[in-house]
Amino acid sequence: METAQNRQPPAPGALGAFARFVLCGGGVGLASSFAVAALASSVPWVLANALITVVSTLLATELHARFTFGAGGRATWRQHTQSAGSAAAAYAVTSAAMLALQHLVAAPGPAIEQAVYLSASAFAGVARFAVLRLVVFARNRTQAPATARPVRTVAARAEAATDPAALCHAA
């Protein structure tokens, strides 16, 4: 029988999770932009950006684990690693878009640069949401090793088979 400690809150629907993703990721991104500017006043911008990117990715992954996707607790090292990989892929997409723009247009104006960057960011953000929801924080993946799973006895299986709630859930 499942105890209250073993139950996870229900996973939010796709639309709710996406709204939370935008809120958490956007909030962390906005705070990061100010943090990079502040830190860049005392260290080189490249170093400031790298440090803030690492910290903001760790923070955003924790927020996504606890709030966005309802994973029911802290993010694991596997989730942090996969999230960092998806963040690196998103960075590569936006960088490639900007490099392509520089290659195609000799002197793009700020409006075109912003449009290209924001479009690439939106594309990368939607793709990252899908990866985080379907892979990193997927509910059907277990975090514990197979040996740590509870063992159900024959008596527990028989009891569950006669429990009307279990029968309805199984149907």
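**Note on the predicted model**

1. F137 is buried, its relative accessible area being 3% (buried means under 20% relative accessible area, with a 1.4 Å probe and protein chains only). F69 is likewise buried, also at 3%.

2. This is a predicted model, in which local features need pLDDT of at least 70 and side-chain atom pairs count only at pLDDT 80 or more, while totals for chains, interfaces and linings use all residues. Residues are numbered from 1 along each chain as its sequence is written, and side-chain values use heavy atoms, with hydrogens and water left out.

3. Searching the whole structure gives 5 aromatic pairs (ring centres within 6.5 Å, taking the six-membered ring of Trp). The ring centres of F69 and F137 lie 5.3 Å apart with planes at 15°, so this pair is stacked (planes under 30 degrees apart). F69 sits in the loop between α2 and α3 (77-104), and F137 in the loop between α4 (110-136) and α5 (154-162), 68 residues apart. One aromatic cluster comprises F18, F21, F69, F129 and F137.

4. Helices α1 (residues 14-39) and α2 (residues 45-68) pack at about 155°, with axes 9 Å apart (helices are DSSP runs of H or I, at least four residues; axes are fitted to C-alpha atoms over the stretch in contact, and angles run from 0 to 180 degrees between N-to-C directions). α1 is therefore roughly antiparallel to α2 (angles over 145 degrees).

5. The contact (heavy atoms within 4.5 Å) includes F21 and V28 of α1 and W45 and F67 of α2. By class, this contact has 16 nonpolar, 6 polar and 1 charged residues (Ala, Val, Leu, Ile, Met, Phe, Trp, Tyr, Cys and Pro count as nonpolar, Asp, Glu, Lys and Arg as charged, and the others, Gly among them, as polar).

Notes
Helix = DSSP H or I, 4+ residues; strand = E, 2+ residues; numbered from the N terminus. Parallel < 35°, antiparallel > 145°, perpendicular 65-115°, else oblique. Phe/Tyr/Trp six-rings, centres within 6.5 Å; stacked < 30°, edge-to-face > 60°. Buried < 20%, exposed > 50% of the residue type's maximum accessible area, 1.4 Å probe, protein only.
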